[in-house]
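Could you show me around this structure, one selection at a time? I have it open in my viewer and would like to know what to click on next.

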Amino acid sequence: MDLKIAVLPGDGIGPEISAQGVAVMTAVCEKFGHKVSYEYAICGADAIDKVGDPFPEETFKICMDADAVLFSAVGDPKFDNDPTAKVRPEQGLLAMRKKLGLFANIRPVETFDCLIHKSPLKDELVRGADFICIRELTGGMYFGEKYQDDNKAYDTNAYTRPEVERILEVAYQYALRRKKHLTVVDKANVLASSRLWRQVAKEVAAKYPEVETDYMFVDNAAMRMIQDPKFFDVMVTENTFGDILTDEGSCITGSMGLLPSASTGEHTPVFEPIHGSWPQAKGQNIANPLAQILSVAMLFEYFNLTEEGKLIRKAVNASLDANVRTPEIQVAGGEKYGTKEVGEWIVDYIKNA
Ligand code: IPM
Ligand code: MN
């Protein structure tokens, strides 16, 4: 297969993990005889500094022209600490999602046996936990009407029926391929937008009688994820709730640096770690590249290149078992590996497989 990849390294640790993602992608393509080419593009704070726009038109064109986007991270403290900033790096990520029509964000929450102890939760609770959060990505408060002055501010949590229908359809497709258990997460006891979600969900559920559908308020879901993460198989929820719950999900896995995601919809799909740009770690070679590398696995799987995805997952598991780990998941007294060394080990493993 010929693959044209747009690479958006972005800010903070982005360029470091991006380099490892690209190296793994190249190694897998060589191994399986795929032709791959990369087109680099700027976004986030880097693009604001260079051209004043966190998602420049040129970057959008490169994304539209590609088969897939390998995205890393955006964000910079100089904007976080300035609530008056007119343009923010995160707007670049949101513009990319919106302009590419990426309404479905697939966020798997899995556990690695050798990292169970890294979860703050009890071993028996997290061992074997394995679910997917399907996060709606182009609607809700992120994109609804906003207002801000010195005395008042609001964000509107708007959803339309077609927006809810299409994300539920995606969620049912995933549920059908898994344990056929879908949990619709909302706040229908308080929010009108959630009541529309629940109404539409009940209608769509009727089309999938083979799937067990349950409805859960988001506060309860946040608790259940900690109390009994194995309850979940597929979870579907709106943009903001999905953002929050998937950070919580990383505590089941043990590190934010382990969770990949795929954002799919109308145009070029984007593969991105769920974590942010971790600016404090920039240039230190300590960021975990696995979320990015596992995003590459999701990229191959999206194109039905399952053996390629499988090999990456095998290599990642082998690296963890061999204690080739970045500091945040390293065992006490273990050897220290950096972003680059973990990536190189995985590339070698793939080459020799
Ligand atoms: C994520 C991130 C983004 C989000 C930020 C960086 C805008 O937290 O992908 O989860 O809130 O969607
Ligand atoms: Mn987030």
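A crossing of two helices is called left-handed if the near helix is turned anticlockwise from the far one by less than a right angle, and right-handed if it is turned clockwise. Keep that in mind for the first stop, and remember throughout that this is a predicted model.

**Stop 1: a pair of helices**

Select residues 161–177, which form helix α7, together with residues 192–205, which form helix α8. Two packed helices are described by the angle between their axes and the distance between the axes. Here the angle is about 50° and the axes lie 9 Å apart. Angles of 65 to 115 degrees would count as roughly perpendicular and those under 35 as roughly parallel, so α7 and α8 are oblique to each other. Now look at the handedness: α7 passes α8 in a right-handed crossing.

Next, show the side chains where the helices touch. From α7, the contact uses Arg-161, Val-164, Glu-165, Ile-167, Leu-168, Glu-169 and Tyr-172. From α8 come Leu-196, Trp-197, Gln-199, Val-200, Ala-201, Glu-203, Val-204 and Ala-205. Colour them by class and you will find 10 nonpolar residues, one polar and four charged.

**Stop 2: the sheet**

Now display the strands. In what order do the 10 strands of the open sheet run? Follow them as β2-β1-β3-β12-β11-β4-β5-β10-β8-β9, with mixed pairing. The edges are β2 (35–40) and β9 (212–217), each of which pairs on one side only. From one strand to the next, the twist averages 25°.

Zoom in on β11 (residues 260–264) and β12 (residues 270–273): these strands run antiparallel and are joined by four bridges.

**Stop 3**

Most residues other than glycine have a negative phi.

Go to Asn-304, in the loop between α11 (290–302) and α12 (306–321). Its phi is near 60°. Is Asn-304 buried or exposed? Its relative accessible area is 65%, and over 50% counts as exposed.

Finish at Asn-323, in the loop between α12 and α13 (339–352). Phi of Asn-323 is also positive, at about 65°. With 27% relative accessibility, Asn-323 counts as partly exposed, because that class covers values between 20% and 50%.

How values were computed: Residues are numbered from 1 along each chain as its sequence is written. Chains are lettered from A and ligands numbered from 1 in the order in which they are written. This is a predicted model: local features need pLDDT of at least 70, side-chain atom pairs count only at pLDDT 80 or more; totals for chains, interfaces and linings use all residues. Side-chain values use heavy atoms; hydrogens and water are left out. Two strands pair if DSSP finds at least two bridges between them. Helices (H or I, at least four residues) and strands (E, at least two) are DSSP runs, numbered from the N terminus. Axes are lines fitted to C-alpha atoms, for helices over the stretch in contact, and angles run from 0 to 180 degrees between N-to-C directions. Angles under 35 degrees count as roughly parallel, over 145 as roughly antiparallel, 65 to 115 as roughly perpendicular and the rest as oblique. Contact means heavy atoms within 4.5 Å. Ala, Val, Leu, Ile, Met, Phe, Trp, Tyr, Cys and Pro count as nonpolar, Asp, Glu, Lys and Arg as charged, and the others, Gly among them, as polar. Buried means under 20% relative accessible area, exposed over 50%, partly exposed in between (1.4 Å probe, protein chains only).
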